[in-house]
Amino acid sequence: GILFHEYVHYFMFQHSDAPYPLWYSEGFAELFSNLSRDSARKDPFWDEAGQDIIAALQDLCAQQAREV
């Protein structure tokens with residue numbers, strides 16, 4: 001996880017002309033550090049922590065949509 005987390009930061013800063021806000025950079029790196037791969041699956045997938053993050057984001061978006 002930590003190495004991939006830091007690589008996501010490196011990738012983001014190498015492919016952007018503008019700086020990202022710290023909250024976005026850390027959130028993006030944390031989410032993508034929870035990608036997993038195994039020989040039984042062709043594509044990468046979210047581990048349990050990644051699925052929890054995605055579920056929380058979906059809940060937050062749904063809550064904000066109801067408030068509009």
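Buried means under 20% relative accessible area, exposed means over 50%, and partly exposed lies in between, with a 1.4 Å probe and protein chains only. This is a predicted model, where local features need pLDDT of at least 70, side-chain atom pairs count only at pLDDT 80 or more, and totals for chains, interfaces and linings use all residues. Residues are numbered from 1 along each chain as its sequence is written, and side-chain values use heavy atoms, with hydrogens and water left out.

**Exercise 1. Classify His9 as buried or exposed, and list its partners.**

Step 1. His9 sits in helix 1. Helices (H or I, at least four residues) and strands (E, at least two) are DSSP runs, numbered from the N terminus.

Step 2. Apply the cut-off. His9 has 9% relative accessibility, so it counts as buried.

Step 3. List the contacts (heavy atoms within 4.5 Å). Leaving out residues up to four places away in sequence, His9 touches Ser25, Glu26 and Ala29.

Step 4. Look for a polar contact. That is a pair of N or O atoms within 3.5 Å; within protein, one must be able to donate a hydrogen and the other to accept it, and residues adjacent in sequence count only if both atoms are side-chain atoms. The side chains of His9 and Ser25 make one at 3.0 Å.

**Exercise 2. Describe the whole protein chain.**

Step 1. Count the elements. The chain has three helices and two strands. Their order from the N terminus is α-α-β-β-α.

Step 2. Judge the spread. The radius of gyration is 14 Å, well over the 11 Å that the globule rule gives for 68 residues, so the chain is more spread out than a compact globule. The radius is taken over C-alpha atoms, and the rule is 2.2 Å times the number of residues to the power 0.38.

Step 3. Buried residues make up 16% of the 68 residues.
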